[in-house]
Amino acid sequence: VCEAGTVEPVWGMAHAQILQLLRADEPPRPEHFATVELVRCRRCAHLYNQAYDAALADRMYQGELLSNVPVHVSMSRNLEQIAEWIGQDLIAGKRVIEIGGGSGHLARLLARTAKRVWVFEPSRGLRAESLPEANIALRNEPYAAGRVEEPVELIVCRQVLEHVADPLAMLREIRSALSADGCCYLEVPSAEYIEEHAALFDLHCFHVQYFHEPHLLRLAARAGFGLVRSWQLKQAHDVGVLLRPQPAAAITDWSTSTLTAAQLRARLSERQEQLRAWLASLEGAVSLYGATAQGGQFLHAFQADRRFVAVADD
């Protein structure tokens with residue numbers, strides 16, 4: 001965030017999975033795993049995985065399976081609430097880009113009133129037939145400025161910025177594609193939530209950045225954005241911000257209130273030991289529901305302590 005470059009270690013994992021799923025006939029191999037080295041910047045206290053290799057991105061995200069398809073009415077309702085929070089005044093009749101379209105469900109909600117929606121989603125699991133609306137155009141590729149006729153009035157970037165090695169560069173590309181009176185909706189997992197709840201299994205190879213809200217807003221200011229309003233989603237697990245273009249700002253004050261590296265490390269270790277004791281107290285076989293990144297981290301953390309007989313996912 002501040003590009004100081006001096007860090008202190010927080011948490012590490014030697015064998016974090018880089019793929020959500022393998023085909024049944026494909027055995028796991030060393031190249032299916034990578035190292036996570038979560039560090040804290042000594043200057044601004046931003047948390048990130050310094051071991052992330054951007055060359056893995058194609059393998060991680062261009063597969064044929066979608067991992068975030070809504071499987072419950074609450075998940076669909078959450079997307080509806082996001083569109084409502086952004087507001088029809090920013091959607092209706094507007095040209096919209098969605099970066100990281102996932103399953104395409106939010107794009108279809110936006111397309112009900114938007115003039116045009118371009119969806120950038122590198123996963124080949126999202127196909128054009130899943131987006132039958134005539135005003136939606138799908139790009140099965142990572143977002144890059146200049147790939148659509150610009151400028152546009154709204155860019156939606158949900159649960160993406162935490163996956164990229166250079167979030168400032170991405171924000172500047174977003175800024176360059178917006179009209180002067182346009183808006184950007186950003187949404188990321190909350191580092192405050194991870195610290196407060198010792199959310200050990202939110203630390204995985206798919207996330208590179210772990211944004212505290214002040215860090216996110218200072219990074220946005222460096223890219224040329226000012227805050228319009230913000231909100232918390234999923235019991236404060238995520239934070240969303242609506243931004244407008246403004247002159248880029250130079251940040252000189254990086255002070256922020258976060259846990260120190262030692263405090264966070266101790267909190268995560270305590271949480272892991274609590275869960276280890278709980279698992280040891282269980283009788284009988286154990287199965288895990290949820291083949292997500294979080295579920296995978298849970299399994300890898302405890303499979304040596306307790307034999308898991310099955311993992312189920314819908």
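Author: A residue counts as buried when its relative accessible area is under 20%. The model discussed here is predicted.

Reader: Are Phe298 and Phe308 buried or exposed, then?

Author: Both Phe298 and Phe308 are buried.

Reader: And why is that pair edge-to-face?

Author: The ring centres of Phe298 and Phe308 are 6.1 Å apart and the planes stand at 85°; planes over 60 degrees apart count as edge-to-face, so the pair belongs to that class.

Reader: Which parts does the pair tie together?

Author: Phe298 is in helix H8 (residues 293-302) and Phe308 is in strand S13 (residues 308-312), so the pair joins parts ten residues apart in sequence. Ring pairs also link Phe298 and Phe308 with Phe201 and Phe302 in a cluster.

Reader: How many aromatic pairs does the structure hold?

Author: There are eight aromatic pairs.

Reader: Changing topic, what is the order of the strands in the open sheet?

Author: The seven strands follow the order S6-S5-S4-S7-S8-S11-S10, with mixed pairing.

Reader: In which sense do S5 and S6 pair?

Author: Strand S5 (residues 116-120) pairs with S6 in the parallel sense, over four bridges. Leu138 in S6 is the bridge partner of Val119.

Reader: Which strands does helix H6 touch?

Author: Helix H6 (residues 213-223) packs on the sheet and touches S8, S10 and S11, its direction making about 20° with that of S11.

Reader: Last one: where does Arg229 lie?

Author: Arg229 lies over the face of Trp85, 4.5 Å from the ring centre. The charged end of Arg116 sits over the ring of Trp118, at 5.7 Å from its centre.

Notes
Residues numbered from 1 in each chain as written. Predicted model: local features only at pLDDT ≥ 70, side-chain atom pairs only at ≥ 80, totals over all residues. Heavy atoms only, no water. Pairing = 2+ DSSP bridges. Helix = DSSP H or I, 4+ residues; strand = E, 2+ residues; numbered from the N terminus. Contact = heavy atoms within 4.5 Å. Axes fitted to C-alpha atoms, helices over the stretch in contact; angles between N-to-C directions. Phe/Tyr/Trp six-rings, centres within 6.5 Å; stacked < 30°, edge-to-face > 60°. Buried < 20%, exposed > 50% of the residue type's maximum accessible area, 1.4 Å probe, protein only. Lys NZ or Arg CZ within 6 Å of the ring centre and 35° of its normal.
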